[in-house]
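Good morning, and thank you for coming. Please look at the model as we go.

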Amino acid sequence: MTTMESLIGLVNRIQRACTVLGDYGGGDSTFSSLWEALPTVAVVGGQSSGKSSVLESIVGRDFLPRGSGIVTRRPLVLQLHKTEDGSQEYAEFLHLPRRKFTDFAQVRKEISDETDRVTGKTKQISPIPIHLSIYSPNVVNLTLIDLPGLTKVAVEGQAETIVQDIENMVRSYVEKPNSIILAISPANQDIATSDAIKLAREVDPTGERTFGVLTKLDLMDKGTNALDVLEGRSYRLQHPWVGIVNRSQADINRNVDMIVARRKEREYFATSPDYGHLASKMGSEYLAKLLSKHLESVIRARIPSITSLINKSVEELESEMDHLGRPIAVDAGAQLYLILELCRAFDRIFKEHLDGGRPGGDRIYGVFDNQLPAALRKLPFDRHLSIQNVRKVVSEADGYQPHLIAPEQGYRRLIEGSLNFFRGPAEASVDAVHFVLKELVRKSLGETKELKRFPTLQAEIAAAANASLERFRDESKKSVLRLVDMESSYLTVDFFRRLPQEVEKGGNNPPSSNVDRYAEGQFRRIGSNVSSYVGMVAETLRNTIPKAVVYCQVREAKLSLLNYFYTQIGQKEGKQLAQLLDEDPALMERRLQCAKRLELYKAARDEIDSVSWAR
Ligand SMILES: Nc1nc2c(ncn2[C@@H]2O[C@H](COP(=O)(O)OP(=O)(O)OP(=O)(O)O)[C@@H](O)[C@H]2O)c(=O)[nH]1
């Protein structure tokens, strides 16, 4: 059955699981927080408002550390479990499983020691909660979170920021829509100045989540009473105010028993001329029951949305785990297989870039279609074949005896010199394609999702692929330069045999009256003959350089980019293979965190299911 016990107990169990797995709200925002989805009662109050006294009175035990300064420095999740009448009371801490505390003075000491363990002796505050469970016949089932008291000034030895730090921490608890605020204010102080009410008003302006508690009713000036507050006239809340009379300092000093104090509190209200008519709705026992009932109903209302949050989170985590991939196999055979698979995955993507399907391969065609022709056009033949230079080269080639019919040597030197210019664009095409291929390797590596897990292997593949590309580039350069050299080593004879006729056809023979004019015309003709020969060669190279480049670089990259790597991998030992597969530590950590979270959510789901089954 869905009793109060089982519902509050359910949330208690989920909360404990959350803390064990590091989910106590805030903090690591990469996961949705289950903790924040759980309804909780957060106890807030200014210093000396009577916060500790109220909690102890609800529990019926002295167990909270006392002292001057800021004593509560970590949230205390106080889970109360009602046990059968007559059974022994005991307490347990989540951080000390299997140890039962029956001496509550020891509980107090442990809270204080455990606070110091995390915050050090520096008196800092920490958001990591301490979980304390109390099993007793004198409690109702209820979970409360005790938070540091709101203060206005830091004391000796505490950082100046502590006032703000405390307020921020308390606010982080009470601003959650699932938090029920137990706002404690002393009656002997103007309610308008209450720190607790001030904060509650800020985060819960309609007052639907706030329970107002007024302490120290017995300390009010004679002749005054707190009816304006208790009857909701001073500050209106959706829930009725509860007045409390705790033990005075004198009572504490005299060690007045809590159970006796509860009785005295009951008597106080029953006999009070001011509050007698409200007696059944006053006091710490009534407050505990009221909260327990309210918490239970809030939990009941929240269960469907908690379940759907859990289901959604489980789904998200499972898909992230799928995405992160399974942990790696340990035997060398399986590792080699995995490495080769990853290489093939990369190779496939790389080929898709070249063959189309993925972008980038077209840039190689761009090199052949734009870059190479443009570079060929820009070669400085005009200068090389100017009349002055032709004259110079031809004269030098002639030596002391000028040529008789045609300057054969001069032609050859001019052509050779011109063809040399082609080396530049030829090499530049090789380099340009090399960079395109390199970029495609880089892109493909990035697009091989399976490789993301293995930065070392990724780097090795990148290095191997780039080394191969360098080798292809060297081969390619040799080939294109050979094409250019071949052009210089044997000229196309036909071209020159046709020349005299063309010259006559063109009829640009100057009348040869004057020797100089004759010479000038002849040099111009030589220049233009060489120029058209070079133009013909340029046309040829424009077609053959791309063939050589594709053959040596692109085709090789497609066929054997990782061949050398494969032979190396084949020779590696198990340990070296494992090194290649070392995962990114951040990723391993994330997988671990995901697995932990998944475990938490599944455990929580089981808990909820078990309650529903019992219904
Ligand atoms: N007479 C009387 N004294 C009270 C009452 N509530 C608290 N006190 C006294 O007020 C003082 C402060 O109470 P605590 O319960 O320690 O208050 P606190 O808000 O926990 O204070 P800090 O721990 O300093 O933040 C103690 O001396 C209590 O005995 C009350 O209802 N009546």
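This is a predicted model: local features need pLDDT of at least 70, side-chain atom pairs count only at pLDDT 80 or more; totals for chains, interfaces and linings use all residues.

Let us begin at the ligand, where a polar side-chain atom of Ser52 lies 2.4 Å from an oxygen atom of the ligand. I call this a polar contact, meaning a pair of N or O atoms within 3.5 Å; within protein, one must be able to donate a hydrogen and the other to accept it, and residues adjacent in sequence count only if both atoms are side-chain atoms. Residues are numbered from 1 along each chain as its sequence is written, and side-chain values use heavy atoms, with hydrogens and water left out.

A backbone N or O atom of Asn246 is 2.8 Å from an oxygen atom of the ligand, and for Ser48 the corresponding distance from a backbone N or O atom is 2.9 Å.

How much of the ligand's accessible area does the protein cover? On its own the ligand has 640 Å² of accessible area, and the protein covers 87% of it; such areas come from the Shrake-Rupley method with a 1.4 Å probe, and for residues, only the protein chains shown count as cover.

Which elements give two or more residues to the shell around the ligand? They are helix H2 (51-59) and helix H7 (249-253). H2 gives the most, with three residues. Helices here are DSSP runs of H or I with at least four residues, strands are runs of E with at least two, and both are numbered from the N terminus.

I turn now to the packing of helices. Helix H15 (residues 423-447) and helix H16 (residues 455-489) pack at an angle of about 160°, with their axes 9 Å apart. Axes are lines fitted to C-alpha atoms, for helices over the stretch in contact, and angles run from 0 to 180 degrees between N-to-C directions. H15 and H16 are therefore roughly antiparallel to each other; angles under 35 degrees count as roughly parallel, over 145 as roughly antiparallel, 65 to 115 as roughly perpendicular and the rest as oblique.

Finally, helix H13 (residues 387-398) packs against helix H14 (residues 408-420) at about 125°, with axes 8 Å apart. That angle makes H13 oblique to H14.
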